[in-house]
Amino acid sequence: MGSESHSPTLQFETYSANIATISEDVNVPRHGRRIRRKDKRHATGTRIVTSGVDSSTGTLALREQAREAYWKQCDPIIDDRMLWRAQTFRHIMHPLPGQRILELGCGNGAFTRQLAKITRGECPLTAVTFASNARRPADFPAVVEFLADPSFPETLKDRRFDFVIAHDMLDKRNAVWLLQQLFVLLVPGGRVLFYESNPWNVIRRLRQGLGLLFGHRDPRLLLNRPNMYELLSELGFIRVFAVFNDFVYAPLTPKGVWLLRNLSIILENMAGVRTLAGSILLHAQRPPPPTTYPRVSLTIAGGFLRAVSVVVPCHNEEMNVVSLVRRLLELFNDYVHEIILVNDNSKDNTGDIIHQLAHENSRIKPIHRSAPNGVGRALRDGLRAATGKYVLSLDCDFQHLLPEVRDLFDAIAEGYDVAVGSRFSRHSVLLNYPVMKILANRAFHTIARVLLLAGFRDLTNNLKLMRREVVRDLVVREPGFAVNAETGLQPLLMGYRVKEVPIAWIGRGIDMGVSSFSVFKVGGGYWRVLYHLWLSRFLRAGPYGTLRRSSIVVAPPQARRVLRTAR
């Protein structure tokens, strides 16, 4: 994978020896002694050492150099890993053009480069290293401000940032001090994301044991997941979550990378097993949470202008529908031809809210359905009513995903006929996703690939952008959630060009209501769709026996130019 092959024992010995040397170079005591400090014992029972500025920045330098040494010697897929992490940052934070990002401990810039690329060079990025003699890497893009800043945070004291990202920088000796500084550097509503080594990881413990065997001790004082959660909460951060992340860690083989990367999504969400992950992903926000978002348009000139019908099934979605519509129009107003809100026999105030929205904006088209209800019936009625050149279908609780819809437009501009938001691509992010739903999804798609002799990863999510011609050819029969299998698999079998776009899926918060999806209730519909599609593909029989592609779709030149213009 682009690095020399070493035995695990030799890697661990070399790494441990170098860490010991680094500890002496930056003059930070290995266990927090002989520094000006005050001990603070948290409710978790863990001693957190708060120290003076000099020793705290020294600890930051130690942690940065230790991490860089490990990445260089023990991680043969560091470039891929940094790409995964940059994608995760984007999917969780959803940065908009112009929002400012601070990266602490950027090292040689492995993550910085990926983050600048993933954010399309639209977000000012300040990359700070704590190595005083470091020079700006020659290949850093212009959007990156590089600071060699051993006197942190003085050089940033008059600056404010929307996001902060760091890798393996929290230590028991400086965690309180560092998080206090970041609290000040964040704008109200600003957010932090840390990737921290998991002290419970068995490989890390093996490496630590080998280090002791060869006379080298790991100078890092790691915090575990409860420590981090409690510390952030006590310091005033809100919306704190700490999740185990990443089972792709050394020692690695090329086949092992492929296997572990595919298994990570399952293992990260599996109780008990997930505690063995290599990292802990830590998120927090400075209060108060934003009630409004930057008014930034993600539209550009091209073939999508006033050409997109948005179809949204709504069943008891009074908590979500207003924020979804408002955010859609803020981000994609120039693209929206109409927003079709299908009130699927709701028992709450969803119908009244939709009626009021339609009264305020003529582009909002309400459809009010009576019993029997069902997301399949609602989606079918909405697709039939759509009149735009392109049709975007999405769920009512997808407002947090809207910045990522931009990637769907990019895919259509590339010449694809259908773009699907994929929860299970290698760059997707799943948080708080029920493990039973993961297993059911992966089992369904694995069997579907075998039975239909087609290649895909996840086509059953209701986040799809389709050309009007594709929508016209669909045969939508399912009354429930299995309609998502119909709209995802039928275009592929008809020969349309389908692209899966990685997205994030985050479980509903308490302010978003309760999902009506249940694996056990809807599973039969998915298998019924798969069986009928198999009959259609190989026997031209069954309910989808008439499934045919009616025309050849050619992307208009102005649409093909959109992607190049955006870049």
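Helices α11 and α15 are oblique to each other, a class that takes in the angles left over once those under 35 degrees (roughly parallel), over 145 (roughly antiparallel) and 65 to 115 (roughly perpendicular) are set aside. Their axes cross at roughly 45° and come within 8 Å, α11 covering residues 375–385 and α15 residues 483–493. Axes here are lines fitted to C-alpha atoms, for helices over the stretch in contact, and angles run from 0 to 180 degrees between N-to-C directions. Helices (H or I, at least four residues) and strands (E, at least two) are DSSP runs, numbered from the N terminus. On the α11 side, Val 375, Gly 376, Leu 379 and Leu 383 make the contact, and on the α15 side Val 483, Asn 484 and Thr 487; contact means heavy atoms within 4.5 Å. By class, the residues of this contact are four nonpolar, three polar and no charged. Ala, Val, Leu, Ile, Met, Phe, Trp, Tyr, Cys and Pro count as nonpolar, Asp, Glu, Lys and Arg as charged, and the others, Gly among them, as polar.

The model is predicted, so local features need pLDDT of at least 70 and side-chain atom pairs count only at pLDDT 80 or more, while totals for chains, interfaces and linings use all residues. Residues are numbered from 1 along each chain as its sequence is written, and side-chain values use heavy atoms, with hydrogens and water left out.

Val 321, Val 322 and Val 325 of α9 meet Ile 353, Ile 354 and Leu 357 of α10. The contact of α9 with α10 has six nonpolar residues, no polar and no charged ones.

A further pair involves α3 (residues 78–93) and α4 (residues 110–118), with axes that come within 8 Å and cross at roughly 45°. Helices α3 and α4 are therefore oblique to each other. From α3, the contact draws on Asp 79, Met 82, Leu 83, Arg 85, Ala 86, Gln 87, Phe 89 and Arg 90, and from α4 on Ala 110, Phe 111, Gln 114, Leu 115 and Ile 118. Eight of the residues in the contact of α3 with α4 are nonpolar, two polar and three charged.

The loop between β3 (101–104) and α4 holds Gly 107. With a relative accessibility of 18%, Gly 107 counts as buried, where buried means under 20% relative accessible area, exposed over 50% and partly exposed in between (1.4 Å probe, protein chains only). Leaving aside residues up to four places away in sequence, Gly 107 touches Glu 64, Arg 67, Glu 68 and Thr 129. Its C-alpha atom is separated by 8.0 Å from that of Ala 131, 24 residues apart along the chain.

Helix α5 is largely enclosed by the rest of the structure, because eight of its eleven residues are buried. Among them are Trp 177, Leu 178 and Leu 182.

Aromatic pairs number 17 in the whole structure; rings of Phe, Tyr and Trp (its six-membered ring) pair if their centres lie within 6.5 Å, and planes under 30 degrees apart count as stacked, over 60 as edge-to-face and the rest as tilted. Phe 183 and Phe 237 are an edge-to-face pair, because their planes stand at 80°, with ring centres 5.1 Å apart. Phe 183 lies in α5 (residues 175–185) and Phe 237 in the loop between α7 (225–234) and β8 (238–245), so the pair ties together parts 54 residues apart in sequence. Phe 183 is partly exposed at 21% relative accessible area, whereas Phe 237 is buried at 4%. The pair of Trp 200 and Phe 244 is tilted, with centres 6.1 Å apart and planes at 35°. Trp 200 is partly exposed at 31% relative accessibility, and Phe 244 is buried at 5%. Elsewhere, ring pairs link Phe 304, Phe 332, Tyr 335, Tyr 390 and Phe 409 into a cluster.

Over the whole protein there are 17 helices and 18 strands, and 58% of the 567 residues count as buried.
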